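Dear colleague,

I am handing over the structure we spoke about, and I would be glad if you could look through it alongside the notes that follow.

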Number of protein chains: 4
Amino acid sequence: MISYIKGELAEILPDVIVVEANGIGYNIYVPGSVPGELPSVGSEVKIYTYMNVKEDECSLFGFLTRDDLSMFKMLICVNGIGPKAALGALSNITADDLRFAVLADDVAAIKALPGIGPKTAQKIIIELKDKLKLDEVFESALSKNKKADNNSNVSNVMMIRNDAVEALVSLGYSSKDALVAVKEVEDIENKDSETVLKEALKKLVKF
Amino acid sequence: MISYIKGELAEILPDVIVVEANGIGYNIYVPGSVPGELPSVGSEVKIYTYMNVKEDECSLFGFLTRDDLSMFKMLICVNGIGPKAALGALSNITADDLRFAVLADDVAAIKALPGIGPKTAQKIIIELKDKLKLDEVFESALSKNKKADNNSNVSNVMMIRNDAVEALVSLGYSSKDALVAVKEVEDIENKDSETVLKEALKKLVKF
Amino acid sequence: MISYIKGELAEILPDVIVVEANGIGYNIYVPGSVPGELPSVGSEVKIYTYMNVKEDECSLFGFLTRDDLSMFKMLICVNGIGPKAALGALSNITADDLRFAVLADDVAAIKALPGIGPKTAQKIIIELKDKLKLDEVFESALSKNKKADNNSNVSNVMMIRNDAVEALVSLGYSSKDALVAVKEVEDIENKDSETVLKEALKKLVKF
Amino acid sequence: MISYIKGELAEILPDVIVVEANGIGYNIYVPGSVPGELPSVGSEVKIYTYMNVKEDECSLFGFLTRDDLSMFKMLICVNGIGPKAALGALSNITADDLRFAVLADDVAAIKALPGIGPKTAQKIIIELKDKLKLDEVFESALSKNKKADNNSNVSNVMMIRNDAVEALVSLGYSSKDALVAVKEVEDIENKDSETVLKEALKKLVKF
């Protein structure tokens, strides 16, 4: 029922942040990564929320973007994943990386997330895969990177990977093959786009 | 508990609209027809709401008028129709047309609505018929048309139909017979009031 | 959780009133007598509320005074009386008269209330009697009458009855005996305090 | 979901206080000790709250400090202690004294609290002990005393006890031994720090 809360960041506590709107302080559970991305206490924030209603509890789970919130909502639709487990997962992976992992059947990346075992990782891939459209995922990641580019705090790896996939797609390869091929390039942290593109192309030619 | 929410139309999302009141954004499920009738995002809106409370959910269903909301509340009293099914139905028919269909035992019109099968259509007619007073329905439809006349975006068909029924009633026929007779006039979209009135009269004389 | 709602009286509907606070319109079920005592729509009102939470419903029951609300809360503690039945009862009797009826074991007056049968009337007396202190009830009724005196719209009968009981108590009779004696004076509407006092005294002397 | 409510103290009723924020009055159950520590009705207050959600109830329990609220939250995690029992307990002991009692295995002090029997007292000690870090408890108590010192309304006994424990710890004794030794000094109300320290030292030497 509550889509977001806009107000003063009143407190950052160990397990929740508190946002005050009109004299009411709201406890909001957020991913572990969020406090580091928040402005200082006292500033105005807008937190996109999911209201979790149970017989004995009514709590808010919050995210900095609607995109992260929608990934969270997708995760909790997966049988066996509750809000706390989904929050734990999204504390350790961005929404885009999780989508890429699902699209690339990357069980290893998903089961490495806290509270997510191998079986649940497979269920996530099975249940979410057909809900995710690759080009949409692609576009949303790139648009964020462009925004991030200006703030120059984008993760370099993400940029190199996307440039390479983008180039392969423009050469006519399907996004999925491009994604898998780029994914298989090792030690991507220490290579530039061109090298990554060449190695990915070699893998595609061998397919 | 929440009768309406008055605030800024913050977002129109695929399945909900978001209205902000005092820093809190509220998710409101609305009929598919509503987004098209809303002002632009950022404008002030007043959405009449029904708060649906379940063991694991608390959500708002919203309508542009109290009249539409009251039709919705009637529908969800019908055994087997929940809020989402009622919303689906009211996305495809106006409250007035639904009332006319109930009063005219028009099972075909009702079962054509998404999520409403033949049995449910009959249940709607049986359970709602004695809650609807024909003249009230009539008056509410006409008063809306008059308002709509000024905004000249009223559905032409609705206007012709009501003029014909109004004329028949003034000739002494019961509203129900007038309604049924006018209903049976085919290809009403391409006929003017006079022709529709004549054809309806022929049917009434044959009764 | 919600003690009262202070805001604009937005609508008076057949079964609820709507009070708007900060852009949110709240549906509040009130006793049938309340709409008649409300200022005009658009005025500022303060409605004392009881929030009724059930598995599939969350609704507000409202009263013009905290005293009426506390009587309502007492009534719904009686086994078998829910909020709607209590509201129905308090639509037909003031909180003070109901307290007097309980203290005077007046089953007839209580079972005459809509939705309250003989058994429930007895349960109300049994379960509420020891929660009501006669002098408190007495005082609260009189203080209201004094307030009402200035607005000169107090019910005459209530005034005569209290004056007689007050006089008997000052003569040394217990409030309970005084109350019962005055209660037994017939056709009280058409008698002045003095006559009522004399007839009540005759009954007390016969005890 | 609601972390605190900041607004006007509207009413202090026998079992709840009412705080108004934006036209909504909120009923908040508070420990018996709180009304005495509140400013006058009409002043601005900030009450830290716990929202208790049950199938048929949604209520707020409130405290003047986040520290008291966190002690309350710890207590209701103990099997068999609900919000009302925890509130009753915290009406009769400060959060710090309760922590000291838990750390010093002081069953007598805990079972003396209303609604807490011997078994529950032991459960409180067993379940909370490893959640409490002695130095943190120590520091929080001392920092409060220092604050209280300036308002000179600190409980004298608390001051003497902490000074003695502080001194013993600086002499190299573990906080636990120091706490237990000081706890065993009788008639502490009528002794100064030095005497208490000497008697506690004698007990430690005998250990």
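In which loop of chain A is the place of Asp106(A)? Asp106(A) sits in the loop between α4 (95-103) and α5 (107-111) of chain A, where helices (H or I, at least four residues) and strands (E, at least two) are DSSP runs numbered from the N terminus.

Please keep in mind that this is a predicted model, in which local features need pLDDT of at least 70 and side-chain atom pairs count only at pLDDT 80 or more, while totals for chains, interfaces and linings use all residues. Residues are numbered from 1 along each chain as its sequence is written, chains are lettered from A and ligands numbered from 1 in the order in which they are written, and side-chain values use heavy atoms, with hydrogens and water left out.

Asp106(A) counts as buried because its relative accessibility is 17%, buried meaning under 20% relative accessible area, exposed over 50% and partly exposed in between (1.4 Å probe, protein chains only). Leaving aside residues up to four places away in sequence, Asp106(A) touches Ala101(A), Ile125(A) and Lys183(A), a contact being heavy atoms within 4.5 Å.

Chain A as a whole has 10 helices and five strands, and 47% of its 207 residues count as buried.
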